[in-house]
Amino acid sequence: MIIGVPREIKDQEYRIAITSGGVDALRNNGHTVLIERNAGRENGITDEEFVNAGAEIVASHEGVFAGADMIVKVKEPLKPECDLLKEGQILFTYLHLASDKALTRSLMSAKVIAIAYETVEADDGKLPLLIPMSEVAGRLAIQEGAKYLEKPQGGEGILLSGVPGVAPAEVVILGGGVVGTNAAKMASGLGAQVTILDVNLDRLRYLDDAMEANVITMKSNEYNIRQAIKDADLVVGAVLITGGKAPKLITREMLRIMKPGSVMVDVAIDQGGCIETSHPTSWSNPIFEVDGVIHYCVTNMPGCVPRTSTYALTNATLPYILEIADLGYPQALREDRALAKGLNVVNGKVTCEGVAKAHNLPYYRLKNIIS
Ligand SMILES: NC(=O)c1ccc[n+]([C@@H]2O[C@H](COP(=O)([O-])OP(=O)(O)OC[C@H]3O[C@@H](n4cnc5c(N)ncnc54)[C@H](O)[C@@H]3O)[C@@H](O)[C@H]2O)c1
């Protein structure tokens, strides 16, 4: 199969969908990999490195789309890219179609085979192609929170670790899933005093076993959240209700009990945020203040560390890329139920129930399409 990897053209998106190791693995299985010139530059991967791994460098964005059987990307295709897609071409990337009717329509009329990273789902409900970005965001939440606790950044002027003779900071994490666990690991490693709140007692049991002694767990309810945030220097919002909006666990009225200059990183902002006063922010203007509390609500946190995020993402996507390339998409989807859940649009038909429902479009069951 010929696999095409274009440069990402979305604003401030620096990741790339393949590394030189991925190119090498595809080449070893007999595939051809086309990469747009300079596509890996922001990740420190040169064209020369890609060529040494066996890729062919293509001078233009258009050339990659024209020459490939499968396009592998990071972000959804933008309008000019949709115009380049060909009938029968496989598109494997993050798509988030439920919130984008225009893109859904474009992919339907282009008659591509659109497989979305975010709906690939294992039998146990885990989303293997979302987990790596949650790992990055969770760790980053502490790094960013520590920065905005600094006085020149507007924070209360406190070092997370403390020093001998001075107490460390109090970090409160709402939600002990992938983001919350990774945030807790970072904060605890730095020596902060960490409290994780979750509604799932089994999860709290696991965290209690797995974490260091400077991490304590609490059942998430309004009373306990109030107790925890009144002494908090840094709060991380990391809750998720699958398929739903994040619950508002910290209301505006609750900000009054918090310390002035404390920081809240609402990682769950991409699902509406779990803090009532949150609203989405971007890299160019990541924070704002409400009632003396700094809010950090960047919706695409992993984008600021593209080198780490590229490798984290491609570690997870490469096995699926290889499967599709080796077997062809119908056989790959028949053999891998998790991958099959990733198919969103094929031959003008929507095969993801959530997307069909969101846009009031007919839903086609996958087994009628690939059997
Ligand atoms: N901003 C970004 O760049 C970015 C990046 C990655 C992930 N995210 C978002 O971060 C959020 C968390 O993702 P995740 O991968 O950790 O999800 P996850 O499913 O692994 O964990 C969510 C946790 O929240 C807990 N929870 C649910 N309701 C709760 C409540 N009322 N109180 C406390 N805990 C509660 C669940 O029990 C679960 O343990 C999601 O909204 C995800 O989309 C954002």
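A: Let's begin with strand 11 (residues 263-266) and strand 13, which pair in the parallel sense over three bridges. Strands are DSSP runs of E with at least two residues, helices are runs of H or I with at least four residues, and both are numbered from the N terminus. Two strands count as paired if DSSP finds at least two bridges between them. In this pairing, Val263 stands opposite Ile294 in strand 13. This is a predicted model, in which local features need pLDDT of at least 70 and side-chain atom pairs count only at pLDDT 80 or more, while totals for chains, interfaces and linings use all residues. Residues are numbered from 1 along each chain as its sequence is written, and side-chain values use heavy atoms, with hydrogens and water left out.

Strand 13 also pairs with strand 12 (residues 287-290): four bridges join the two, and they run antiparallel. Here Val290 stands opposite Val293 of strand 13. Strands 12 and 13 form a hairpin with two residues between them, and Asp291 in the turn has a positive phi of about 50 degrees. Strand 13 itself (residues 293-296) is covered on both faces, with Val293 and His295 buried on one side and Ile294 and Tyr296 buried on the other. Buried means under 20% relative accessible area, exposed over 50%, and partly exposed in between, using a 1.4 Å probe and protein chains only.

Eight strands form an open sheet in the order 3-2-1-4-5-6-14-15, and the pairing is mixed. Strand 3 (56-58) and strand 15 (349-350) stand at its edges with a single partner strand each, so one side of each is left without a neighbour in the sheet. Inside that order, strand 4 (residues 70-72) and strand 5 (residues 90-93) pair in the parallel sense over three bridges, and Met70 stands opposite Ile90 in strand 5.

Two loop residues are worth a stop. Arg15 lies in the loop between strand 1 (2-5) and helix 1 (20-28), and Arg15 is buried, with a relative accessible area of 6%. Its side chain makes a polar contact of 2.8 Å with the side chain of Glu13. A polar contact is a pair of N or O atoms within 3.5 Å; within protein, one must be able to donate a hydrogen and the other to accept it, and residues adjacent in sequence count only if both atoms are side-chain atoms. Asn43 sits in the loop between strand 2 (32-36) and helix 2 (47-53), and Asn43 is buried too, with a relative accessible area of 3%. The side chains of Asn43 and Thr310 are joined by a polar contact of 2.8 Å. Leaving aside neighbours within four places in sequence, Asn43 is in contact (heavy atoms within 4.5 Å) with residues including Arg15, Pro306 and Thr310.

Finally, the ligand. An oxygen atom of the ligand is 2.6 Å from an N or O atom in the side chain of Asp198. A backbone N or O atom of Val298 lies 3.2 Å from a ligand nitrogen atom, and one of Thr299 lies 3.0 Å from a ligand oxygen atom.
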